[in-house]
Amino acid sequence: MNKIDELVAILHEKEKKEAEKPQKTVLWILAIVGAVAAVAGIAYAVYRYFTPDYLEDFEDDFDDDFEDYFEDDDDDDDEE
C-alpha cells in the first residue's frame, strides 16, 4: 500500500507541474507585452515633450488675421 501511495503522490506532483507550464507561458507573454507597452509609452511621452507645438503658432497667426479682418470692416462702416 505504501508503494501505491508514493505513485499517486508522484502522479499528483507531475500533474501540478504540467498545469503550471501554461500559466508561466501566459505570465511571460503578458510581461513582455507590458514591457513593450511601457517602452512605447515612454517613447511617445519623450516625443511629445521634444516636438514643438506648431498649432500654437498657427492659432496666434489666425487670431491676428481675424482681428485685422474685423478692423477693416469697422473702418468701412465709419466711411459710409
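Reader: What share of the residues in the protein chain is buried?
Author: Buried residues make up 0% of the 80 residues in the protein chain. Keep in mind that this is a predicted model.

Reader: Switching to the surface. Which residues form the nonpolar patch?
Author: The patch consists of I42, V46, Y49 and F50. Together they have about 510 Å² of accessible area.

Reader: Take Y49. Where is it, and is it buried or exposed?
Author: Y49 lies in helix α1. It counts as exposed because its relative accessibility is 68%, and the cut-off for exposed is over 50%.

Reader: What about F50, buried or exposed?
Author: F50 is exposed as well, at a relative accessible area of 62%.

Reader: How many aromatic pairs does the structure hold?
Author: One. The pair is formed by the rings of Y49 and F50, with centres 5.1 Å apart.

Reader: Why is that pair called edge-to-face?
Author: The ring planes of Y49 and F50 stand at 80°, so the pair is edge-to-face. The cut-off for that label is over 60 degrees.

Reader: New topic, T51. Where does it sit?
Author: T51 is in the loop between α1 and α2.

Reader: What does the T51 side chain reach?
Author: It reaches the backbone oxygen of Y47, at 2.5 Å.

Reader: And why does T51 count as partly exposed?
Author: T51 has 30% relative accessibility, so it counts as partly exposed. Under 20% would be buried and over 50% exposed.

Definitions and conventions
Residues are numbered from 1 along each chain as its sequence is written. This is a predicted model: local features need pLDDT of at least 70, side-chain atom pairs count only at pLDDT 80 or more; totals for chains, interfaces and linings use all residues. Side-chain values use heavy atoms; hydrogens and water are left out. Patches are made of residues with over 30% relative accessible area and no salt bridge: like charges are joined within 9 Å, nonpolar side chains (Val, Leu, Ile, Met, Phe, Trp, Tyr) within 5 Å. Accessible areas come from the Shrake-Rupley method with a 1.4 Å probe; for residues, only the protein chains shown count as cover. A salt bridge is a side-chain nitrogen of Lys or Arg within 4 Å of a carboxyl oxygen of Asp or Glu. Helices (H or I, at least four residues) and strands (E, at least two) are DSSP runs, numbered from the N terminus. Buried means under 20% relative accessible area, exposed over 50%, partly exposed in between (1.4 Å probe, protein chains only). Rings of Phe, Tyr and Trp (its six-membered ring) pair if their centres lie within 6.5 Å; planes under 30 degrees apart count as stacked, over 60 as edge-to-face and the rest as tilted. A polar contact is a pair of N or O atoms within 3.5 Å; within protein, one must be able to donate a hydrogen and the other to accept it, and residues adjacent in sequence count only if both atoms are side-chain atoms.
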